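Here is a short report on one protein model and its ligand. Look at the structure first, then read on.

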Amino acid sequence: MTTSNPEWWKSAVVYQAYPKSFRDSDGDGMGDLNGIRSKLDYLADLGVDVIWLNPIYVSPQVDNGYDIADYRAIEPMLGTMADFDALLGEAHEKGLKIILDLVVNHTSDQHVWFQEACKSRENPYHDYYIWRDEIPNNWGSSFGGPAWKYVESVDQYYLHCFAEGQCDLNWDNPAVREAVYDEMRFWLDKGIDGFRMDVITLISKDPALPDGPVIQNKAYGSYYAGCATGPHVHEYLQEMNREVLSKYPGIMTVGEAPHTSADQAVDYVGAGRGELDMVFHFDHMHLDYDENGKYALNRVYLPDLKRVMDEWQEKMAACGGWNSLYWSNHDQARAVTRFGNESEQWREKSAKMLGVALHLQQGTPYIYEGEEIGMTNADFTSIEQYRDVEALDTFRDFTERKGFSAEDTLELLHLKSRDNARTPMQWTSGHAAGFTEGEPWIEANPNCDHINVKAALADPDSVYYFYKQLVKLRHTRASVTDGVYVDLAPEDESVWAYLRRAEDETLVVLCNFSDSAVEFELPAEVSWESSELVISNEDAAPGELARAVALEPYGAVVYATR
Ligand code: NOJ
């Protein structure tokens with residue numbers, strides 16, 4: 001798809017569809033490509049520009065497709081290559097772009113490269129992976145147990161930072177890099193519009209493979225010590241850019257960047273670096289962690305949230321980089337449950353407020369499927385209902401090793417498990433939320449009886465129509481894309497108040513994160529004259545700004561001043 005402005009993604013909104021859970025077209029209980037195809041009009045109507053698809057390639061599904069066995073073939077459960085071609089073609093006809101997940105820190109142990117690598121130490125594919133004769137360090141895998149696994153045929157251990165079936169590639173081998181670039185060209189030649197790059201900050205390993213600190217109350221050390229922003233990561237990304245990305249002008253790239261600070265991100269996305277367009281950072285996702293890591297009951301403290309978001313706003317702007325803005329994705333709890341208030345009284349109001357707080361910042365906003373109708377966390381009460389490798393491992397770890405009761409562990413999973421994001425997209429109030437005619441691979445949330453697309457489309461006041469307005473604002477107001485971000489009250493515990501200062505107007509964005517009414521006094525330097533209300537989730541927000549602004553619980557108002 002050709003676009004004249006190579007930085008079109010700066011005024012775009014991305015919608016993330018998790019193929020397994022979006023829409024099942026053939027009744028096998030599993031979402032698929034034709035299911036996504038059948039909903040393109042829905043996405044075009046929402047107004048988004050890009051659809052990001054989680055991995056759709058052949059995979060044993062140890063980690064829901066993040067363990068790829070063949071980069072050039074479609075996972076049969078999800079459809080065929082003809083289905084993909086049709087999806088891409090129809091999306092383009094409707095003005096929607098498609099970006100794919102590029103998972104090249106590791107492959108599946110079923111990938112032919114790994115199968116060959118295990119045949120002998122002399123096999124040319126052996127050096128595609130990272131092997132040691134002895135376990136060299138204390139690294140633990142993200143999904144439990146050590147990060148090294150023994151293979152008898154070669155009498156060596158291979159590295160897997162994630163599940164055993166996700167074997168880390170050896171990027172120091174030029175043949176690996178060339179092979180990866182070839183896979184990328186295959187998809188770019190088909191006309192896709194870019195890549196979301198899985199854990200791309202981990203591809204270059206420190207050859208010393210140093211021990212990592214034992215964090216998160218786990219039995220093993222963190223592999224980040226020797227994997228995150230390793231010695232050659234920038235060299236490899238610049239090479240990838242030179243060899244592949246630069247040959248396809250107008251594509252977009254977003255790198256998932258675990259364990260990356262805003263200062264480090266400057267080198268990935270800063271102007272002139274020739275690496276990535278933007279990264280997903282995790283700083284705001286870590287604010288409610290405790291000594292057990294993410295499985296904690298903490299709520300995010302607003303001044304902390306503003307501190308990290310302010311830092312990214314300021315540092316990306318200063319380096320000529322760009323932010324990606326997200327509250328949720330397939331690895332995170334539902335936004336309204338985690339950052340808003342999912343009670344019946346406040347669900348819709350707080351979902352809209354969160355939309356305003358995020359979408360009016362500088363960067364490219366990402367909407368995770370269901371966020372646009374205010375979907376909540378799953379309603380699971382038993383471990384049998386969970387599917388995710390991480391949830392199952394956490395349950396074992398917390399109940400068998402850390403001494404938590406099953407009940408307490410289930411409460412933690414209920415709040416934070418990745419499966420919260422993976423329950424079926426709620427299309428209707430019918431069987432399995434209208435996701436499938438068969439038995440869904442993971443249970444639908446019973447609250448689909450009132451939280452569903454059909455109901456949202458019938459209600460002019462729904463979260464859906466509010467999101468539609470937010471998307472439109474990004475397309476129509478230059479201040480939303482270009483305005484300089486200024487936090488008006490970083491220490492305020494209830495209100496996130498910021499400006500977007502542009503040449504022709506300044507946007508004043510006020511979001512009440514609390515369940516009480518509050519009054520926010522504008523600082524003297526902000527002009528409140530000749531203002532107009534741009535968007536609001538309140539019943540009767542005044543048409544003009546005042547020095548003291550009364551905000552309803554979870555109220556959000558945006559004014560433009562000149
Ligand atoms: C990040 C992905 O978002 C997550 O779902 C996956 O488990 C890991 N990377 C490993 O690929």
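## The ligand and its surroundings

The ligand is surrounded by 14 residues, and the closest are Asp63, Asp198, His330, Asp331 and Arg418. Keep in mind that this model is predicted. What kinds of residue form the shell around the ligand? Seven are charged, three are polar and four are nonpolar.

| Residue | Distance from an N or O atom of its side chain to an oxygen atom of the ligand |
|---|---|
| His106 | 3.0 Å |
| Asp198 | 2.7 Å |
| His330 | 2.7 Å |

How much of the ligand does the protein bury? Taken alone, the ligand exposes 300 Å². The protein buries 97% of that area.

## Two helices in contact

Now turn to a pair of helices. Two packed helices are described by the angle between their axes and the distance between the axes.

Helix H12 covers residues 347–359, and helix H16 covers residues 463–476. Their axes come within 10 Å. They cross at roughly 10 degrees. Angles under 35 degrees count as roughly parallel, so H12 is roughly parallel to H16.

Which residues meet here? H12 brings Glu348, Ala351, Lys352, Gly355, Val356 and His359. H16 brings Val463, Phe466, Tyr467, Leu470 and Arg474. The residues of this contact between H12 and H16 divide into six nonpolar, two polar and three charged.

Notes
Residues are numbered from 1 along each chain as its sequence is written. This is a predicted model: local features need pLDDT of at least 70, side-chain atom pairs count only at pLDDT 80 or more; totals for chains, interfaces and linings use all residues. Side-chain values use heavy atoms; hydrogens and water are left out. A residue is near a molecule or strand if one of its heavy atoms lies within 4 Å of it. A polar contact is a pair of N or O atoms within 3.5 Å; within protein, one must be able to donate a hydrogen and the other to accept it, and residues adjacent in sequence count only if both atoms are side-chain atoms. Accessible areas come from the Shrake-Rupley method with a 1.4 Å probe; for residues, only the protein chains shown count as cover. Ala, Val, Leu, Ile, Met, Phe, Trp, Tyr, Cys and Pro count as nonpolar, Asp, Glu, Lys and Arg as charged, and the others, Gly among them, as polar. Axes are lines fitted to C-alpha atoms, for helices over the stretch in contact, and angles run from 0 to 180 degrees between N-to-C directions. Helices (H or I, at least four residues) and strands (E, at least two) are DSSP runs, numbered from the N terminus. Angles under 35 degrees count as roughly parallel, over 145 as roughly antiparallel, 65 to 115 as roughly perpendicular and the rest as oblique. Contact means heavy atoms within 4.5 Å.
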